[in-house]
Amino acid sequence: MNLIDTSKPIVEMLGITKHFGQVIANEDVTFTLMPGEIHGLLGENGAGKTTLMNILYGLHQPDSGKIFINGHPITIKSPHDAIQYGIGMVHQHFMQVPTQKVVDNIILGLKNAGRFILDRHTARERLIRLSESFGLKIDPEAYIWQLSIGDRQRVEILKALYRDIKVLILDEPTSVLTPKETEELFHTIRKLVESGLSVIFITHHLEEALSITNQVTVLRNGKVVGTIPTRGTNKTELASMMVGREVLFRLEHEINQRNEKQEILIVDGLSAYNDRGILALQDISFKVMSGEIVGIAGVDGNGQSELVQVLTGIRSAFKGRFWVDGIDLTRATPQAILMHNVGHIPENLEDGLIGEFSLIDNFMLDLHYVRPYSHRGILDHNRMVENARQLISQYDIRAPNENIKARTLSGGNKQKMIVAREISRNPRLLLAAHPTRGVDIGAEEYIQNLLLKKRAEGMAILLISTKLDEIMSLSDRILVMYRGRIMGEILREEANIKKIGLLMAGSEG
């Protein structure tokens, strides 16, 4: 085993520049990773973080610049090359075959893997040893589709470890995790570093960067703003470096401009099954008034998704009813519900846009049949373009133009696009499931203040989020869900993390 000089960088990227057409994703970027370090790569959505690491992992080739591993200049033409140099990457969107078992996904792509039964048996035994060593317990014979998001991420980490990597790149690893799963991931990362690995942690969450990293490099508009020790910085400084201005971390709770509140959403005794035929909603009842934000708190998987699906017509309830503005929509189609002035920010990006469609067309989803964009079945292209340009500008969506395909945007910019479309329709009721998931601190501040502004204008908002600070700061009332039931209701001024945490764990006390 070769000894590595811990005083010299394990990875150096010097003067990296990368263009995609007219867009400069990285411009003269220099990045250094030391052995045994957890180095945060911080920046807004579209700042160039993932592109830079995709270059290190061989998915993209730089237009200019050099890469050194342990002081030696190298060329990385593919992920296979990267792995040969000891570099592994866990992507934000997992690269797995859902219909195969864990062990088969782990050895997928390895030479001779799966050719003989002995190879699979050996792989299984090694996988078990690795999982036990790093506290990444997983059933090797489980199918990927049976696993939780947290378990699927463990599979990706184990896949990298199985290939004897020395550098692990984690791209937005907490964007799909619950708070508990995030804690477990951080524990795993620290164990990996103790064992000799170096970690690059891509994130736009300031608290995460401050909690887990040793150093942070901040990118803005494809350029390096600076690299600083985590111990010597704070949330305010990092936010300012990220967005180029002061971020106040203050939400503006405007007074409701309408004195008389109306019952916009009434839910009475809703019960529904999930996809596996298990009871996911059990006798749910609540109301959302005009000019009010009602937050639904709870660990993912306790019925929040099924509740939103029922309220948007995607899933049928076998018991109970719900009304919007006095109209019973329990058996209505998704289109009929949207036509009754209901907006929907879905929890999954894939459900809110069509990747192969342009931004223009994605902004028109659910609007293509209404004036002023459609007249007697004929679309007004000029108005569609004008609408897209206005929303791109107003919501600071980082895109070279309105004609590009939605799939080319970063995850955070896709989320901003969906929020822009749904709120611009000015619905009476907005079902907002994780509206700030995957967006940077500047966009999060903007979206949260926008929700409060719409609340003050009289919009009724049902907010679903696993971020307790978001729920507590935005909601007028908080409902906590556990195993398909509402465990309790708390007013914002009475809410605290301990009280909500107990209800999230199923305690009624």
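How many of the eight residues of helix α9 (residues 304–311) are buried? In this predicted model, local features need pLDDT of at least 70 and side-chain atom pairs count only at pLDDT 80 or more, whereas totals for chains, interfaces and linings use all residues. Residues are numbered from 1 along each chain as its sequence is written, and side-chain values use heavy atoms, with hydrogens and water left out.

Helix α9 is mostly covered, with six of its eight residues buried. Buried here means under 20% relative accessible area, exposed means over 50%, and partly exposed lies in between (1.4 Å probe, protein chains only). Helices (H or I, at least four residues) and strands (E, at least two) are DSSP runs, numbered from the N terminus. The buried residues of α9 are Gln304, Glu306, Leu307, Val308, Val310 and Leu311.

Most residues other than glycine have a negative phi. Asn221 is located in the loop that joins β9 (215–220) and β10 (223–229). A positive phi, near 50°, is also found at Arg483, again a residue other than glycine. The loop between β21 (477–482) and β22 (485–491) contains Arg483. Arg483 counts as exposed because its relative accessible area is 57%.

Lys159 belongs to helix α5 (residues 149–162). Lys159 counts as buried because its relative accessibility is 15%. When residues up to four places away in sequence are not counted, Lys159 is in contact (heavy atoms within 4.5 Å) with Met95, Asn105 and Ile106.
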